[in-house]
Amino acid sequence: MRPPAEPPRGGRRPSPDNPLTWAKDWVRSSPGTHIWLLVIGITSLVIAAASEGLGQFLVHRTSSNIHELNEHPLPSLLISGFWIERPESFLLYAVMFELLHANVERWMGTARWLLTVGGAHIAATLASQELVLLAIEGHRLPRSMTHVVDIGVSYGLAAAAGVLTYRLRPPWRYGYLAGVLVFFGIPLLTGATFTDFGHAIALAMGFAAWPLTPAAAAEKLPPEDGTGPADRASAPPPERRPESPQER
């Protein structure tokens with residue numbers, strides 16, 4: 001007679017409906033988003049705990065403005081994406097990360113998500129600072145703008161917002177797209193700053209990332225009737241009849 005099976009150690013087996021299990025699965029499925037968010041939380045605590053002078057030094061030293069891009073181009077491009085100027089805004093950014101970045105990363109995969117939002121952050125930063133430089137040279141902005149504070153994660157969020165358009169199904173896609181265009185378009189049309197131009201560039205790069213999405217890959221699949229090249233390649237070879245004595 002078999003002994004009764006032992007109950008699983010650690011108590012009752014977690015149910016898929018367990019909120020804690022769901023939260024763990026959510027974080028594991030979007031590791032890049034949550035590592036990024038964790039770093040921003042740490043840097044926000046540093047800014048909040050620092051004196052006013054030290055806080056100003058940190059945000060200027062980690063900015064990707066013209067001065068820092070000339071002095072430390074690569075570090076300033078990378079580090080500026082891990083700081084926010086107002087630590088009290090961290091909870092709002094956390095919500096935006098979960099709604100935008102986490103969903104896009106789960107859908108595209110970490111590598112393609114990082115390529116999209118990282119590329120948009122770099123391109124939007126360089127392009128917006130080039131606009132500042134042109135305005136300074138044209139005497140439309142003071143030379144002190146070479147030291148302007150330019151940190152934050154909004155360019156990456158704008159790119160993720162653009163990619164997420166392809167994740168939604170009609171008719172929700174069209175309403176979401178209209179909302180995104182209005183949100184980023186109104187500041188651009190009413191006294192745009194260099195940051196507004198950067199947001200528009202990052203959003204456009206998010207739209208341009210369509211070939212990296214699973215939806216684009218699905219469109220390239222062969223038809224289901226088995227007539228595509230992949231189906232013909234994977235089909236078993238035709239059965240050969242045994243040769244008769246007359247056949248050679």
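Mentor: Let us begin with His-121, which counts as buried because its relative accessible area is 12%, under the 20% cut-off. Please keep in mind throughout that this is a predicted model.

Trainee: Okay, and which helix is His-121 found in?

Mentor: His-121 is found in helix H7, which covers residues 110–137.

Trainee: What does His-121 touch, apart from its sequence neighbours?

Mentor: Not counting residues up to four places away in sequence, His-121 touches Leu-77, Ser-80, Gly-81, Gly-152 and Tyr-155. With one of these, Ser-80, there is a polar contact of 3.4 Å, made from side chain to side chain.

Trainee: Where is Ser-64, then, and is it buried or exposed?

Mentor: Ser-64 is found in the loop between helix H3 (52–61) and helix H4 (66–71), and it counts as buried, because its relative accessibility is 1%. Leaving aside neighbours within four places in sequence, Ser-64 is in contact with Leu-69, Ser-76, Ser-80, Thr-125, Gln-129 and Asp-150.

Trainee: How far apart are Ser-64 and Thr-125?

Mentor: In sequence they are 61 residues apart, while in space Ser-64 and Thr-125 are 7.2 Å apart, taken from C-alpha to C-alpha.

Trainee: Changing topic, how many helices and strands are there in the chain?

Mentor: The chain has twelve helices and zero strands. Of its 248 residues, 34% count as buried, and among contacts with a separation of 6 or more, 75% are between residues 24 or more positions apart.

Trainee: And how many aromatic pairs turn up?

Mentor: A search of the whole structure finds six aromatic pairs. In one of them, the rings of Trp-36 and Phe-97 have centres 5.1 Å apart and planes at 75°, so the pair is edge-to-face. Trp-36 lies in helix H2 (residues 31–49) and Phe-97 in helix H6 (residues 90–108), so this pair ties together parts that are 61 residues apart in sequence.

Trainee: What about salt bridges, how many does the count come to?

Mentor: The count comes to one salt bridge, in which the side chains of Glu-68 and Arg-61 meet at 3.3 Å, N to O. Glu-68 counts as buried because its relative accessibility is 7%, whereas Arg-61 is partly exposed, with a relative accessible area of 37%.

Trainee: Last one: which residues form the nonpolar patch on the surface?

Mentor: That patch is formed by Leu-74, Leu-78, Ile-79, Ile-122 and Leu-126, which together have about 430 Å² of accessible area. Helix H5 (73–79) and helix H7 (110–137) each supply at least two of the patch residues, and H5 gives the most, with three.

Trainee: How does Leu-126 count, with its relative accessibility of 42%?

Mentor: Leu-126, which is found in helix H7, counts as partly exposed, because 42% lies between the 20% and 50% cut-offs. Helix H7 therefore holds both the buried His-121 and the partly exposed Leu-126.

Definitions and conventions:
Residues are numbered from 1 along each chain as its sequence is written. This is a predicted model: local features need pLDDT of at least 70, side-chain atom pairs count only at pLDDT 80 or more; totals for chains, interfaces and linings use all residues. Side-chain values use heavy atoms; hydrogens and water are left out. Patches are made of residues with over 30% relative accessible area and no salt bridge: like charges are joined within 9 Å, nonpolar side chains (Val, Leu, Ile, Met, Phe, Trp, Tyr) within 5 Å. Accessible areas come from the Shrake-Rupley method with a 1.4 Å probe; for residues, only the protein chains shown count as cover. A salt bridge is a side-chain nitrogen of Lys or Arg within 4 Å of a carboxyl oxygen of Asp or Glu. Helices (H or I, at least four residues) and strands (E, at least two) are DSSP runs, numbered from the N terminus. Buried means under 20% relative accessible area, exposed over 50%, partly exposed in between (1.4 Å probe, protein chains only). Contact means heavy atoms within 4.5 Å. A polar contact is a pair of N or O atoms within 3.5 Å; within protein, one must be able to donate a hydrogen and the other to accept it, and residues adjacent in sequence count only if both atoms are side-chain atoms. Rings of Phe, Tyr and Trp (its six-membered ring) pair if their centres lie within 6.5 Å; planes under 30 degrees apart count as stacked, over 60 as edge-to-face and the rest as tilted.
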